[in-house]
Amino acid sequence: ALISLRQLLDHAAENSYGMPAFNVNNMEQIHAIMQAADACNSPVILQGSAGARSYAGEPFLRHLVLAAVEMYPHIPVVMHQDHGSEPAVCFRSIQSGFSSVMMDGSLMADAKTPSSYEYNVETTRKVVELAHACGVSVEGELGCLGSLETGMMGEEDGHGAEGVLDHSQLLTDPEEAADFVRKTGVDALAIAIGTSHGAYKFTKKPTGNVLRIDRVKEIHARIPTVHLVMHGSSSVPEDWLEIINNYGGDMGQTYGVPVSEIVEGIKHGVRKVNIDTDLRMASTGAIRKHLFDNKANFDPRKFLKEATKAMSGICKDRFEAFGCAGQA
Ligand code: G3H
Ligand code: 13P
Ligand code: NA
Ligand code: ZN
C-alpha cells in the first residue's frame, strides 16, 4: 500500500531502523528494489528526481510506482519526490499523487546557487502548509552538500565542479535546525554532515570516520521528533567500479560513504538514506559485462535482467544493513 513518509519513518524511529531511499527512473530499477524488498520483507521508499520525471515522463513514473504497489500489496511503499526546486514543483507532485515531497530550499530554483536562510524557511513553510492539508509529508534541507575537503558540490563525472561552498555552509548548524523545524513544521530534515552527491565523494579510501556523526547526535538531540535524512549516501561499491573498468568503462578511482558509517548515523537519528549512484553503477557494470561476454546477443531483456539482478543485490545488502529487513 502507498503510505506517507511520516508514517514509515515514525515506525522506523520506534523500531530503531533506517530506510534506504532509492532513486528510480525506469521499470528495471523499480523491479530490482521491489524484488529485494519482497525477499527481505522490507518497506520501500521510491523517489523520483526532476531528472527522472523528465526522463520517463511524470505519468510513466507514477504508473510504474503504482504498478509496484499493485504487484506487491503486502509491501508499504512511499512515493517521494526528490529535490523539489520550488514550491510549484512540489504542488504538482502532490496533485499527481506522491505521498511525500522534498522542498530543497537550501538552493535557489536553479538548484545550483545556495539560498539565504530566510528564503529556505519561507519556501519550505509554504510547501508544508499545503502538503499537510493533503496528508503528504515534507522533507526539507538545511545546509549544502559538498566535500568537507574541497568545498565542491556534487560532480556529475568527476571532471569540473559545479560550485564551491565555504565551510560554514557545509555543516548543518544544530541551533539553526531547531529554529528551521519550529518555523516550517517539516517531517524530515536533510542535513549536511560531509556527504556529497554523485560517484566522486572521496579521493582516498576512507579509513576512519569520514562523516561528522557528532553533528548528527547534536542535531538529533535538538529535534528528536524530526527524522534526519542523509543525501549523497552511496557507498560507490569497489567491486562494481572494477567490473565497469574491466569491461570497457573508464571511471576514475573514487570512494563513497562506508555502510558502517551510515549504520552509525542510524543509531543517532538518521532514518532516510538517499542512494542513486550505487544502483547506477551496478546496472552499468552488469550490462557492460553481459554485452562483453555475449557478443552475439541483441535482446535487451537479457542484459536488462542482469542489471536488475545486480541492482537487487545492492538493495538487499542495504535493507539488511540498515535494519529495515523484516519490518514490512
Ligand atoms: O540528488 C540527485 C539524484 O542523484 C538524482 O539525480 O537529477 O540525475 O536524476 P538526477
Ligand atoms: P548518491 O549520489 O550518493 O547516490 O546520492 C543520491 C541522492 O542524494 C539523491 O537525492
Ligand atoms: Na529527497
Ligand atoms: Zn540528494
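A residue counts as buried if 20 or more other C-beta atoms lie within 10 Å of its own, as exposed if 12 or fewer do, and as partly exposed in between, with C-beta atoms placed from the backbone.

A word on the model first. It is predicted, so local features need pLDDT of at least 70 and side-chain atom pairs count only at pLDDT 80 or more, while totals for chains, interfaces and linings use all residues. Residues are numbered from 1 along each chain as its sequence is written, and chains are lettered from A and ligands numbered from 1 in the order in which they are written.

Let's start with Ala 192, in the loop between E6 and H8; helices (H or I, at least four residues) and strands (E, at least two) are DSSP runs, numbered from the N terminus. Ala 192 is buried because it has 25 C-beta neighbours inside 10 Å. Its C-alpha atom is separated by 7.6 Å from that of Met 230, 38 residues apart along the chain.

Now to the ligands. Which residues are around ligand 1? They are Asn 23, Ser 49, Gly 51, Ala 52, Asp 82, His 83, His 197 and Asp 276, where near means a C-beta atom, placed from the backbone, within 6 Å. Helix H3 (50-56) and strand E3 (77-84) each give that shell at least two residues. By class, one is nonpolar, five are polar and two are charged; here Ala, Val, Leu, Ile, Met, Phe, Trp, Tyr, Cys and Pro count as nonpolar, Asp, Glu, Lys and Arg as charged, and the others, Gly among them, as polar.

Some of you will have looked up the record. An unreviewed UniProt entry places "binding site" at His 83, His 197 and His 231. These are spread over 149 residues of sequence, yet they cluster in space, with a largest C-alpha distance of 12.0 Å. Do remember that such annotations may be inferred rather than shown by experiment.

His 83 sits in strand E3 and is buried, because 24 C-beta neighbours fall inside 10 Å. His 197 is in the loop between strand E6 (188-191) and helix H8 (213-222), and it is buried too, because it has 21 such neighbours inside 10 Å. Leaving out residues up to four places away in sequence, His 197 touches Leu 145, Gly 154, His 231 and Gly 232; contact means C-beta atoms, placed from the backbone, within 7 Å.

Finally, ligand 2. It has 13 residues around it, and His 231, Ser 234, Asn 274, Asp 276 and Thr 277 come nearest. E3 and strand E8 (270-275) each supply at least two residues of this shell.

Notes. Two residues are in contact if their C-beta atoms, placed from the backbone, lie within 7 Å.
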